[in-house]
Amino acid sequence: MLIMDNPQFSIVIPTRNRAHLLKSALSSALEQDFESYEILVSNNASEDDTEEVVSQLADQRVRYIKTDRVLSMPDHWEFAIEQARGQYVTFLCDDDARTPDSLKTVARAIAETSSRLLVIGFGTYFSSSWPVEELQNTLHVFENSRSYTEQPSSATLKELAKCQITVNSPRMLLSAIES
């Protein structure tokens with residue numbers, strides 16, 4: 001597979017000193033049932049073997065970039081997004097995963113709606129240290145209605161500012177936005 005100059009999607013994976021987690025995130029991103037995408041691993045001046053984890057994959061869909069110094073999280077994410085080649089950009093944390101059909105599903109929704117921003121359905125895992133005992137070690141997946149809505153940006157921003165985030169609100173990690 002050749003490196004694409006203009007893939008439909010860029011999956012951006014920002015990371016810092018978490019090579020031990022990165023391998024799983026990369027594996028899930030590489031299992032996409034979709035052709036037109038790149039994976040951009042952005043290393044925020046890690047001091048572990050992050051670069052080695054990426055190079056061991058030897059997959060042309062994966063590009064690797066590294067900052068020359070430690071950046072704040074927002075600055076690092078901005079640095080990474082500036083390097084993305086995809087028409088649409090989505091983020092994947094180094095400790096998360098994607099289902100194999102996620103890009104295909106988002107591409108279909110974009111084709112149906114001509115949207116510039118899509119919010120992807122999500123699930124929440126509650127670890128063994130979660131304060132509510134009955135939720136510990138459980139995964140809650142929010143059902144996708146398979147319907148699409150266009151939200152006015154001013155109302156959505158006000159909702160986010162008041163911390164009234166709903167399942168349909170955009171999130172950096174669970175959205176695909178046209179670059």
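**Asp59 and Arg61**

I began with Asp59, which at 23% relative accessibility counts as partly exposed, and I kept in mind from the outset that this is a predicted model. I then looked for its charged partner and found that the side chains of Asp59 and Arg61 meet in a salt bridge, at 2.7 Å from N to O. Arg61 is buried, with a relative accessible area of 19%, and I note that the cut-off for buried is under 20%.

**Arg63 and Glu38**

I went on to Arg63, which forms a salt bridge with Glu38, the closest N and O atoms being 2.8 Å apart. Because Arg63 lies in strand β3 (residues 62-66) and Glu38 in strand β2, I read this pair as one that ties together parts 25 residues apart in sequence. For the accessibility of the two partners I found that Arg63 is buried, with a relative accessible area of 14%, and that Glu38 also counts as buried, at 4% relative accessibility.

Next I looked up Asp95, whose side chain meets that of Arg18 in a salt bridge of 2.9 Å, N to O. Asp95 lies in the loop between β4 (88-91) and α4, and Arg18 in the loop between β1 (9-15) and α1 (19-30), so the pair ties together parts that are 77 residues apart in sequence. I found Asp95 to be partly exposed, with a relative accessible area of 45%, and Arg18 to be partly exposed as well, at 29%. For the whole protein I recorded a count of five salt bridges.

**Asn17**

I turned to Asn17, which has its place in the loop between β1 and α1 and is partly exposed, with a relative accessible area of 28%. What does the side chain of Asn17 reach at 2.5 Å? I found that it reaches the backbone nitrogen of Glu47. Asn17 and Glu47 are 30 residues apart in sequence, yet their C-alpha atoms are 6.0 Å apart in space. When I set aside the neighbours of Asn17 within four places in sequence, the residues in contact with Asn17 were Ser46, Glu47, Asp48 and Thr50.

**Ser42**

I then looked at Ser42, which is found in strand β2 (residues 37-43). Is Ser42 buried or exposed? With a relative accessible area of 0%, Ser42 is buried. Its side chain is joined to that of His76 by a polar contact of 2.8 Å. Apart from neighbours within four places in sequence, I listed Ile13, Pro14, Thr15, Ile65, His76, Phe79 and Ala80 as the residues in contact with Ser42.

**Helix α4**

I checked the geometry of helix α4 (residues 102-113), whose 12 residues reach 16 Å from the first C-alpha to the last, close to the 16 Å expected at 1.5 Å a residue. The buried residues of α4 that I noted are Ser102, Leu103, Thr105, Val106, Ala107, Ala109 and Ile110. Just after α4, I came upon Ser114, which takes a positive phi of about 55 degrees.

**The whole protein**

Finally I stepped back to the protein as a whole, where I counted five helices and eight strands in the secondary structure. Read from the N terminus on, the elements run β-α-β-α-β-α-β-α-β-β-β-α-β. Of the 179 residues, 36% count as buried, and the accessible surface comes to about 10900 Å², of which 51% belongs to carbon and sulfur atoms. Among contacts between residues at least 6 apart in sequence, I found that 70% join residues at least 24 apart.

On confidence, I wrote down a mean pLDDT of 81 for the protein, with 73% of its residues reaching 70 or more. Which element has the lowest mean pLDDT, and which the highest? I found the lowest, 64, in helix α5 (residues 153-161), and the highest, 96, in β2.

Terms used:
Residues are numbered from 1 along each chain as its sequence is written. This is a predicted model: local features need pLDDT of at least 70, side-chain atom pairs count only at pLDDT 80 or more; totals for chains, interfaces and linings use all residues. Side-chain values use heavy atoms; hydrogens and water are left out. Helices (H or I, at least four residues) and strands (E, at least two) are DSSP runs, numbered from the N terminus. Buried means under 20% relative accessible area, exposed over 50%, partly exposed in between (1.4 Å probe, protein chains only). A polar contact is a pair of N or O atoms within 3.5 Å; within protein, one must be able to donate a hydrogen and the other to accept it, and residues adjacent in sequence count only if both atoms are side-chain atoms. Contact means heavy atoms within 4.5 Å. The expected span of a helix is 1.5 Å times one less than its number of residues. A salt bridge is a side-chain nitrogen of Lys or Arg within 4 Å of a carboxyl oxygen of Asp or Glu. pLDDT is the predictor's confidence in each residue, from 0 to 100. Accessible areas come from the Shrake-Rupley method with a 1.4 Å probe; for residues, only the protein chains shown count as cover.
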